[in-house]
Amino acid sequence: MRTGIATVCLSGTLKEKMQACAIAGFDGIEIFEQDLVTSPLSPEDVRKMAADLGLGLDLYQPFRDFDGVTPDLLKANLRRAEAKFKLMSRLGMDTILVCSNVATATIDDDGLRASQLAELAELAGDHGVKVAYEALAWGKYVNDYEHAYKLVEMVDHPNFGTCLDSFHILSRDWDTAPIEKINAEKIFFVQVADAPKLSMDVLSWSRHYRVFPGEGQFELAKFMGHVVRAGYTGPVSLEVFNDVFRQSDVERTAVDAMRSLIWLEEQSATWLAVNDTDGTEGSVAARRRRYPMELATLPKVNEPAGFNFAEVKADDTAQLEKLLGQLGFGFEGRHRTKDVQLWTMGQARVIINEQAAQHAEPAIAALGFDVDSPVIASARAQQLKAPVVARKVQADEEVFQGISAPDSTEIFLCQGSPDGTAAWTAEFGQARDSGEGLEHPSAAAAAVIDHVNLAQPWQHFDEAVLFYTSALALEPQPFAEVPSPSGLVRSQVMQTSDAAVRLVLNLAPVQQAAEQGPQSVRKTYQEHIAFAVDDLVAAALAARDRGLEFLQIPANYYEDLDARFDLDPGFLATLKDLNLLYDRDADGEFLHFYTATVGSVFFEMVERRGSYDGYGAPNAPVRHAVQYDSLHRT
């Protein structure tokens, strides 16, 4: 699949955008007219630079408001078009995007439109240019891709075809199956964009809220499947208007964009395999070869089986050690060659890393996940442009396959085991009784890592969703917005199908991020690791006896809790006495408590009763308010 991207997707100058696209590995680009108009580079400079970078110049765009106009305006539009065709000759480009008229059209007549577009096609042919006609979702008279193709058939000129844009089609809920009936030779260009499902006017939705494939809710694999079945072989190019992307680092955004097309290519191949309609037997690859467009796939991996460990990095570890001990974790010793500690409770493992942590406040630094084949999973992630993280190991030590997430959290892909063991724990100290390295989870208390909550910088939130979806096979759940004293916190749960891995990505309010700069979100907005136990009340009583400082929950909360759930007075008194929070739904109950924050990290202990699958969302505003008050008191 030939990959492309419109320069409008990225921040910076035209030169910076082209360089970033080349670094990210795109085959070609669409030049957005404004980027060229505002550039000091001449068309000849742009042409040479593209050649030097190995980038094709695939599309010049957009040419607006041409058809359905009066004769005088048509004459002016043809003059304007010829000037652009001459410019394209200097650029070495042969395809221009022409949008359906949204502003100057006054005559709703397909016959007139076709005759005017035929004049444009003839003029374009004289200059060796192809016209890709696109139906804008908000077009005045033409807003449907099938209507646009009808005009292409009426014009019937070799230099006139159509452009299929996923946003304009999917935002209007048009059926994509008829794409397969379009003559592939008349599909001159394909643009793709994803988007969240929003209730707003389509123009504002398009101009501000498009995202890269995999970061929204459109059925892009299905759209592309129909495009491939139609026989299209040209570029598949991103056209994404997004206020955040156009303020973010250009090279990083370009890499994120390229990752999204790699993911989309794989998803499209999968859709075609699953929706094979002609009964052809043979491998998935063989069936895909029926179509002219070659779709590459990635190494197949299963979703993670669970958390292997969580790692917190800090310079001064005393508070962390005290907190873990009060929660009931056992100290399993230091690593034999590294300045690293291991703490365990059942199958929950926490590493405290003191390496290269000078003056560092405690913060979540890494997560380990159990996977079937770490090497294959790492290979997949690297093909998806994930940066590799390497850690020095001795000859007899476990080699972790590591990649870096968008928020710089290090992700390690570990060899899972059916009984929850981890071979690498043998590298730490001595077990309490056996005198050997720890090979099995401690039997002192049953516990697992239930979920991990990570704060995301505002400019990389969508990137993180795509990263965990594509590289780790986590599925995004419907996002929620939680009130806090600083504003709404957007919360996006990513999890496996069996919920063995739950990762919560929180987008902190912009105000918090702005207070100390864009790179300080994870300092101003706390993150946490949650541990699930069988009996939270017992765990809380034991922790209190060990001197644990709980997050102090206001008395008003318990009055409201009683009003909502009519709890047994004795149970309610226990909750209040231990600063426990409670939630209930039709499937079960949820009890949890929080510790005080150390650096940017705090811990949560939870108990899930029945089939409760949430996170105590009604309690989140209470936690945010108490932490905010504590932060601003100090």
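In the predicted model, Phe223 is in contact (heavy atoms within 4.5 Å) with Leu164, Asp165, Ser166, Ile169, Leu170, Thr176, Ile179, Val190, Gln191 and Val192, when residues up to four places away in sequence are not counted. A second, separate nonpolar core of 11 residues includes Val340, Ile351, Val389 and Phe412. A nonpolar core is a set of buried Ala, Val, Leu, Ile, Met, Phe, Trp, Tyr and Cys residues joined through side-chain atoms within 4.5 Å. Of the 185 residues in the largest such core, Phe26, Leu164, Phe223, Met224, Ile411, Tyr468 and Phe531 touch the most other members. The most residues, 11, are given to this core by helix α10 (residues 250–274).

Residues are numbered from 1 along each chain as its sequence is written, and side-chain values use heavy atoms, with hydrogens and water left out. Because the model is predicted, local features need pLDDT of at least 70 and side-chain atom pairs count only at pLDDT 80 or more, whereas totals for chains, interfaces and linings use all residues.

Helix α9 (residues 220–230) has 10 of its 11 residues buried and is therefore largely enclosed by the rest of the structure. Buried denotes under 20% relative accessible area, exposed over 50%, and partly exposed in between (1.4 Å probe, protein chains only). The buried residues of α9 are Leu220, Ala221, Phe223, Met224, Gly225, His226, Val227, Val228, Arg229 and Ala230. These buried residues pack against β6 (160–165), α7 (166–170), β7 (187–192), β8 (236–238) and α10. Gly231, with a positive phi near 100 degrees, follows α9.

The protein has 20 helices and 25 strands, assigned as DSSP runs (helices H or I, at least four residues; strands E, at least two) and numbered from the N terminus. Its radius of gyration, taken over C-alpha atoms, is 28 Å, close to the 26 Å that the globule rule gives for 634 residues, so the protein is as compact as a globular protein of that length. The globule rule is 2.2 Å times the number of residues to the power 0.38. Along the principal axes, the C-alpha trace spans about 85 × 60 × 55 Å. Buried residues account for 57% of the 634 residues. Among contacts between residues at least 6 apart in sequence, 74% join residues at least 24 apart.

Thr3 belongs to strand β1 (residues 3–6) and, at 4% relative accessibility, counts as buried. Its contacts, not counting residues up to four places away in sequence, are with Gly25, Phe26, Asp27, Gly28, Val236, Met258 and Leu261. Gln415, located in strand β16 (residues 410–415), counts as partly exposed at 41% relative accessibility. With the same exclusion of residues up to four places away in sequence, Gln415 touches Asn308, Asp370, Val371, Asp372 and Pro374. The C-alpha atoms of Gln415 and His168, 247 residues apart along the chain, are separated by 44 Å.

Several backbone features were also identified. Gln61 and Pro62 are joined by a cis peptide bond with omega of about -5 degrees, and Pro62 lies in strand β3 (residues 56–63). Asp173, in the loop between α7 and β7, is a residue other than glycine with a positive phi, near 60 degrees; at 64% relative accessibility, Asp173 counts as exposed. Asp566, likewise not a glycine, has a positive phi of about 50 degrees. Asp566 occupies the loop between α18 (555–565) and α19 (569–578) and counts as exposed at 65% relative accessibility.
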